[in-house]
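Hi,

Here is the structure I promised to pass on. Have a look at it first, and then read my notes below.

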Protein chains: 2
Amino acid sequence: MSTQVKATNVTWHEGSVSRAEREQLLGQKGVTVWMTGLSAAGKSTIACILEQMLLHRRKHAYRLDGDNIRMGLNKNLGFSAEDRAENIRRVGEVAKLFTDAGVIAITSFISPYRKDRDAVRANMQPGEFIEAYIKVSLDAAEKRDPKGLYKKARAGQIKGFTGIDDPYEAPEKPEIVIDTETMTAEAAARRILDYLDQHGYLEA
Amino acid sequence: MSTQVKATNVTWHEGSVSRAEREQLLGQKGVTVWMTGLSAAGKSTIACILEQMLLHRRKHAYRLDGDNIRMGLNKNLGFSAEDRAENIRRVGEVAKLFTDAGVIAITSFISPYRKDRDAVRANMQPGEFIEAYIKVSLDAAEKRDPKGLYKKARAGQIKGFTGIDDPYEAPEKPEIVIDTETMTAEAAARRILDYLDQHGYLEA
């Protein structure tokens, strides 16, 4: 198969492939969709549906979440304030690499502190960081409680749980706000997809 | 534009897009090409040419190197033995994420210690980690010395420099060995490309 590219008239330039060339190949622009919100707000569900919708449009997306980060890159971090900040910093750096690679990176972390999220934004170029606030009242999140985490936090079995004994700082100027008490996960994912579409991210 | 996908007959399944679906979209398999070798062996040059050759084949590759890692994800690491190990561990974890995303990740780090490289390999599935030993004699590397680093290391201005006062442990069973004293960078990149091609990585 390799003979098909052994054309002798191809010359290789100095330096690396540009981001624009990668984006042209993929037919999209690299970007980070940063979801933030309370536990049980619906971030992961929305991220999974958005990923499927993007695939359906033949767009290359990749999710970064607790499953593939906390057990890997960040397995040497705990839950102190310092480690939480470092957790978000590293996720931000990895999202930046995926963005530079031309991929649509979708992150779903509670990321409760404004300054940590703002630091990720400041580390990227304008338009590369889209903050999607997945909004839910504490009351509603606690009623959902699919993993029983709020119950454990109320019982004191989990310390420093966001919303119970640790603050959640809502974004001040997020690009997208989705209230999951009034919108289905599918409609939420569609709204983010429409945002990407309308702002030119789904073409190179 | 979004109307084209507002087909009401599409349903979104539970869970996430699979790796196989991403690979199908990209027409390739996710893999990490891990280049290791002395400073001035030619790793970065080969990586850049390989990246261009892959783009020419319409394959999605991304390079991880000192430029985009040391100033970002790993900017809080120094050059102690412990920090060097953590540097390589994090690069390995990021390469694993890119591999899972279906991308051809190309890393170019000296990565002098066998146990650090072997740990990255052990953290991935068989076939996902391709070690490419970019071989050069210390003598030849020192004669090239494009950044004057060997000179500084000899003068004692850089401490712990690989090959001078810190060991380089050559791979024992690398998938690919390239001697850059007898092969051009273009031929080296072509050899790696041929390896990827012959082992089925350039198709889904």
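What follows is a quick tour of the contact between the chains and of some salt bridges.

Keep in mind that this is a predicted model.

Let's start where the chains meet. On chain B, 52 residues are in contact with 52 residues of chain A, and the area buried between them is about 4,900 Å², with carbon and sulfur atoms giving 63% of that. I also get 20 residue pairs in polar contact between chain B and chain A. On the side of chain B that touches chain A, H4(B) gives the most, with eight residues. Sorted by class, that side has 22 nonpolar, 11 polar and 19 charged residues.

Now the charges. The whole structure has 36 salt bridges over all chains, and four salt bridges lie across the interface of chain B and chain A. One to look up is Arg90(B) with Glu86(A), at 4.0 Å from N to O. Glu86(A) also pairs with Arg90(A), where the closest N and O atoms are 2.7 Å apart. Those two sit four residues apart in helix H4 of chain A, so about one helical turn separates them. Glu86(A) counts as buried because its relative accessibility is 13%, and Arg90(A) is buried too, at 4%.

Away from that spot, Glu175(B) and Arg121(B) form a salt bridge at 2.8 Å. This pair links distant parts of the chain, 54 residues apart. Glu175(B) is partly exposed at 29% relative accessibility, and Arg121(B) is partly exposed at 26%.

Back at the charged cluster, salt bridges with shared partners join residues of both chains into one network, including Glu86(A), Arg90(A), Glu86(B) and Arg90(B).

Cheers

How values were computed
Residues numbered from 1 in each chain as written. Chains lettered and ligands numbered in written order. Predicted model: local features only at pLDDT ≥ 70, side-chain atom pairs only at ≥ 80, totals over all residues. Heavy atoms only, no water. Contact = heavy atoms within 4.5 Å. Buried area = accessible area lost by both parts, 1.4 Å probe. Salt bridge = Lys/Arg side-chain N within 4 Å of Asp/Glu carboxyl O. Polar contact = N/O pair within 3.5 Å; in protein donor to acceptor, adjacent residues only side chain to side chain. Nonpolar A, V, L, I, M, F, W, Y, C, P; charged D, E, K, R; others polar. Buried < 20%, exposed > 50% of the residue type's maximum accessible area, 1.4 Å probe, protein only.
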